[in-house]
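Colleague: I have a model to look at and some quick questions. Can you put it up?

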Amino acid sequence: MHHQWLLLAACFWVIFMFMVASKFITLTFKDPDVYSTRQEFLFLTTMPEMERSPEEKHFPEELKPTGTMLVERQLLQPLVYMKRLELIRNVCRDEALKNLSHTAVSKFVLDRIFVCDKHKILFCQTPKVGNTQWKKVLIVLNGAFPSIEEIPENVVHDHEKNGLPRLSSFSGAEIQKRLKTYFKFFIVRDPFERLISAFKDKFVHNPRFEPWYRHEIAPSIIRKYRRNRTETRGIQFEDFVRYLGDPNHRWLDLQFGDHIIHWVTYVELCAPCEIKYSVIGHHETLEDDAPYILKEAGIDHLVSYPTIPPGITVYNRTKVEHYFLGISKRDIRRLYARFEGDFKLFGYQRPDFLLN
């Protein structure tokens, strides 16, 4: 009798374990994060390029999450980037903004665009928008360093050592071929917040010790634009704003040379109405945009965007108000008039709290 009970208990145990195993197997096949599902997904997404329409080419090819909110977010994500490109097309067609949205694809623009031939990527540099990190990504992709962590900081911006060719270094035919066929992107942020960042970086903190900003550029701006001639302090943000908002600023720009890249408009840097970019990233949503760009460029399995410190990309209206405090409405309006194209092309709200 005792043996019969043991046998019965063993049978129940086997049945129980079989049920648990069955449940595990079922969950495994339903979970999109496991290897078997990823394997099936990779198979489905390696179809020949000719079988996909042009509209599908730059869509994110991700698995559908199981949660309803994640599914909705995933379905909406490509629309965000499509709407950004559609907005650019619409603003570019606006005759009233033509002088603020169009520029020639000059050597100045081509100098801003870095090339990764190995993966067919063009990246337009927009300083003060986290560009150092994107340059690190391209340096690794070009094979100059095995990982982002191993790139010395002094090499990132040294174009003789970082292995990043500029688009301007190619022949006319080679430039056109790359512009037509490569994946192209750049990053933007609120135009006024970017100017504050440029001012702090070049004239206040100057972390990379570039003395020409303080000792050559700043004195020239002060001489031309400081209202109070008895003021002996170094360059103030008001001086900087008056310089940038002056319709005749270009004569100083010529003196400053390529150093102006830190504060000229996105239009002047990247020619978004003349060059058809694949993706426009926003600094404010970089946590989502960086992975999306890597995926769309087909390099997400090769490199990751460096970790983004919490809160660093969030728009800070309080900071903007602080920097513009005390600056005349006239000077702020003139500044906005110059950067209006950037605000409208990339969907940034007109800063009425500063202008009215």
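Modeller: Start with a helix pair: α11 passes α16 in a left-handed crossing. Left-handed means that the near helix is turned anticlockwise from the far one by less than a right angle; clockwise would be right-handed. Helices here are DSSP runs of H or I with at least four residues, strands are runs of E with at least two, and both are numbered from the N terminus.

Colleague: What kind of model is this, and how are residues numbered?

Modeller: This is a predicted model: local features need pLDDT of at least 70, side-chain atom pairs count only at pLDDT 80 or more, and totals for chains, interfaces and linings use all residues. Residues are numbered from 1 along each chain as its sequence is written, and side-chain values use heavy atoms, with hydrogens and water left out.

Colleague: Back to that pair. At what angle do α11 and α16 pack?

Modeller: About 50°, with the axes of α11 (residues 237-245) and α16 (residues 329-345) 8 Å apart. Axes are lines fitted to C-alpha atoms, for helices over the stretch in contact, and angles run from 0 to 180 degrees between N-to-C directions. The two helices are therefore oblique to each other. Under 35 degrees counts as roughly parallel, over 145 as roughly antiparallel, 65 to 115 as roughly perpendicular, and the rest as oblique.

Colleague: Which residues meet there?

Modeller: Val241, Arg242, Leu244 and Gly245 in α11 meet Asp331, Arg334, Leu335 and Arg338 in α16. Contact means heavy atoms within 4.5 Å.

Colleague: New topic. Is α9 mostly enclosed or open?

Modeller: Largely enclosed by the rest of the structure, because 11 of its 15 residues are buried. Buried means under 20% relative accessible area, exposed over 50%, and partly exposed in between (1.4 Å probe, protein chains only). Among the buried residues of α9 are Phe192, Leu195, Ile196 and Phe199.

Colleague: What do they pack against?

Modeller: The buried residues of α9 pack against α10 (211-225), α11, α13 (266-270), α15 (317-324), α16 and α17 (352-355).

Colleague: What does histidine 282 touch?

Modeller: Arg84, Ile187, Val188, Asp289, Phe346 and Tyr348, leaving out residues up to four places away in sequence.

Colleague: How many helices and strands in the protein chain?

Modeller: 17 helices and 4 strands. Of the 356 residues, 43% count as buried.
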